[in-house]
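Q: I am new to this structure and would like a guided look at it. Could we go through it step by step?

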Amino acid sequence: GQVVYSIAEETERGASVGNIAKDLGIDAATLSARKFRMITGSSKQYFNINASTGAVSVKEPIDREQLCELKSACVLNYELVLENPLELYRMELKVLDINDNSPSFTLSEYHINVPEFLSPGARFTLPNAQDLDEGTNSVQNYTLSPDEHFSLEMQTRGDGSKYPELVLKKALDREQQATHRLVLTAKDGGDPPKSGDVLVIVTVLDTNDNAPEFAHSVYRASILENSTSGTLVVQVHATDLDEGPNGEVRYSFSNTTSADLQRMFLIHPHTGEVTVNGVLAVQRPLLEMLIEARDNGAFGMSSTAKLLVEITDVNNHGPEITVTSLSSPIPEDAVPGTVIALLSIMDKDPGENGKVTCQIPDNLPFQLKPSLENYYSLVTSGLLDRELISGYNITITATDLGSPPITTQKALWVQISDVNDNPPVFSADKFDVFVEENNPLGAFLYQISASDPDMGENGRISYTLRNSTVAGSALASFLSVSSANGSIYATRAFDFEQLRSFYFQVEAKDNGSPALSAAITVNVYISDQNDNAPTILYPISQNGSVAVEVVPRLADEDYLVTKVVADDEDNAQNAWLSYHLTHSSDSTLFRLASHSGELRTTRSMRSTDFLKHKVVVVVRDHGDPPLSSTVTVGILLADTLPQALPDFDDSGEPPPLLNATNIYLIVSLACVSCVFAAFLLFLAIVRL
C-alpha cells in the first residue's frame, strides 16, 4: 500500500518520476473509472499523475530549502484514493538536495577590534556562514585571504559543531597599519563547489586586552512550549579579567542568531538572564542561539557561547478529523463490512501527546477499522433497514493520550437509500363488496388499498385484476379496476336473478426492480331489487279469456272455490306475496285468504243466488315500491259441468228484472195477495 520515489530538487517541469499504476500493481485502464485522485496536505501541487497511464511527472519545480527549511529529510506525503472498491495507497516523494545554494553570511562585512598589545596566538571569533543545502552541499571549510599578521584556524565546540577563528600570528603595530581588510571565504562540498565571501575589517586598538570568557561554551535549557512571556530560560555568565569599564560585561544575542529567535527571547544585558518574549511559535524541538558577551572598554572585546533550548511539548493540540471520502447514501442491503467513509485523524503534538484513539457509539451498526497510519475506515457491522431507520448521525470521537487528554468530535450524516425489499400489504385479509342489481354502467363499487413501506418507485403501487371467469364470461366484462388507486367499477349491470355472488382476485404490484406483488380475494354479493312483478301460475287465462271455476249449485259455507297460485323471481320481501279481492259480483258470497290465495264461499249457496259470478284477484309483493299482477276468475254455479261455458264478458252483472219468468212470479204473487186481502175483509165483515 505504499510506494516511495526520490527526486532531486529543481527538477524541470514534465520530468518523469515513475508510474504509480505499475509500481502498485493497479490496472491503469481502471484509474479514471474508479475516480482516482491524489490527496495532500500541501497547499501547492508539485506533481501530476496521468489518470490514463498512472505516470507521475513534475508539475512545479521544488525548492527543497523553501519547502523543508532546515529539516534533514524532506519528504512529501500523498494519499492516493480509488473507489469501487474503496482503496487507499500512500506515496512518499523524497526531495533530494542539490548544490543550488551558495554559502552566505548574515552581514556584508564584520568588524573586529584588536588591541595592538596582544601577543601572537590571540584568537578572535569569526562569523559562521549559512548554507541552506544539506550534507556535503553545506559549508565544509573556510579560507582567509593571505595576510602576514593573521591566519585562520577551525575550532570545535562541545556539541561537535565547528567554527572559524582568526589567529594573530604576528604582533600588530597600530602606528604602521591601523586597519587590516581580510576576506573570509566559506566553501561547500558540492560538485562543483560554491562559495561565499565576507569582508572582515580588523581595527587595531591600543587598550583592553582581555575578552570576556563564558563559564560554559554551550548552555542547555528546556522549557514548555506553552511557557508564558517572562519565563526564565537560563542565565549565562561571563567574566572579564580587566578592571573598570574594560571588565564590565554586557550580554546580547549574536548577529548570527536569526531575527525570529531574537524576537522570541530576550536577554538581560547586565544579568545574562534569557527569558521568553511572547508565544513560542516554532515547530523545531531544539533551538540554537549564539550569545555574545562584550566588555565596556573603549574598544570592547567579546566572546560567544552557544545556547541550546529544548522545547518540551505540552498537549495543546486536539486531534484533527478529516473526512477523506464519504459514500452517502448507502443501500439498505449493504453487506456487513461495506466501507462507507475514509477518515484521516492527525494530532500535531509529538510523542504520546500525538497518539490518538478513535471510537463511535456502540449502538450503531457501524465500526471503525484502522487502515494506514493515521487513517480509519468506517464500515458497516450489521444489517440496515431503511424502513426502521432512514439515516444515522454518527459521532466520531478522537482522544489523544496526553495529560490531560484532548477530545475532538465530528458528526457524519449517513443516509440509507431504499431497495425494493417489501411487497405490498393489503389492509385486510379479504374484501366483501355489496352491490344492488340493475346498477348503472361504470358505477363505483369499492376501493381496495394496499401499502408498501418502501419509498419512491419501490413504494408506488399499481392494481390489476387477475385473469378469471365469472359465470362463463371473462372477469373484465363484469369489472374494471383503477391501476392508480384500486377503485373497482362495474362494466355491466348485475342481475340478481341470474347471478347472486362471485369472487375474484386483485393483484397489487410495486414499481421496484424486480417488482414485488401480493394478491387478495374480493367477494361480490349482489343484492335484490324489486324489479319483477308476481307471475300468476293458476288459474291461467288463455288468449285473454276469463278463467272459469265451477262450484256446486248448493255449495256449503267455506267451500274452496279455487286457489290462486303465484310466484315472484325476486328475493326476500320483494318476493313476499299477498292476495287481495278487488272486485266481486257479490261481495257477500266470496272471501279470499290474503296469504294463501284460497278463494272460499262465505255462506251456503241458495237457489236464489245468481248462477254466474266474476271476481278480480290482485297479487301484490312487498317491495318498495310494490309490484302486482291481477287475474279475473269466473265462477259458475252448476252441479254438472256444462258442455259450453257461459260468457263472463258481462262482468258478472245480474240479468234484467222484466223477463218472462219474473213477470210470471210477479203476477202470481199479486193474485195471492189479493185473495188474502179479500179473505181478511170477509172475516172483518162477518165479525161485525
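This is a predicted model: local features need pLDDT of at least 70, side-chain atom pairs count only at pLDDT 80 or more; totals for chains, interfaces and linings use all residues.

Q: How many helices and strands does the protein have?

A: There are four helices and 51 strands in the protein.

Q: Is the protein compact or spread out?

A: The protein is more spread out than a compact globule, because its radius of gyration is 64 Å, well over the 26 Å that the globule rule gives for 688 residues. Along the principal axes, its C-alpha atoms fill a box of roughly 225 × 65 × 35 Å.

Q: Which domains are assigned?

A: The domain assignment gives domain 1 (2-93), domain 2 (109-205), domain 3 (213-312), domain 4 (320-417), domain 5 (425-527) and domain 6 (535-637).

Q: And how far apart are the C-alpha centres of domain 1 and domain 6?

A: Those two centres are 115 Å apart.

Q: Which strands pair with it, then?

A: Strand β8 (residues 109-115) pairs with β14 in the parallel sense over seven bridges. In that pairing, His111 has Ile201 of β14 as its bridge partner. Strand β13 (residues 179-188) runs antiparallel to β14, and nine bridges join the two. Here Val183 stands opposite Leu199 in β14.

Q: What do β13 and β14 form?

A: They form a hairpin, with six residues between the two strands.

Q: Changing topic, which residues touch the most other members in the largest nonpolar core?

A: That core has 29 residues, and Ile20, Phe47, Leu80 and Met91 touch the most other members. Elements giving two or more residues to this core include α1 (20-24), β4 (47-49) and β6 (75-82).

Q: What is Ile20 in contact with?

A: Leaving aside neighbours within four places in sequence, Ile20 is in contact with Val3, Tyr5, Ile49, Gly54, Val56, Leu80 and Met91.

Q: What about a second core?

A: A second, separate core has 28 residues, among them Val435, Ile448, Val481 and Ala490.

Notes: Residues are numbered from 1 along each chain as its sequence is written. Side-chain values use heavy atoms; hydrogens and water are left out. Domain bounds come from an automatic or database domain assignment. Two strands pair if DSSP finds at least two bridges between them. A nonpolar core is a set of buried Ala, Val, Leu, Ile, Met, Phe, Trp, Tyr and Cys residues joined through side-chain atoms within 4.5 Å. Buried means under 20% relative accessible area, exposed over 50%, partly exposed in between (1.4 Å probe, protein chains only). Contact means heavy atoms within 4.5 Å. The radius of gyration is taken over C-alpha atoms; the globule rule is 2.2 Å times the number of residues to the power 0.38.
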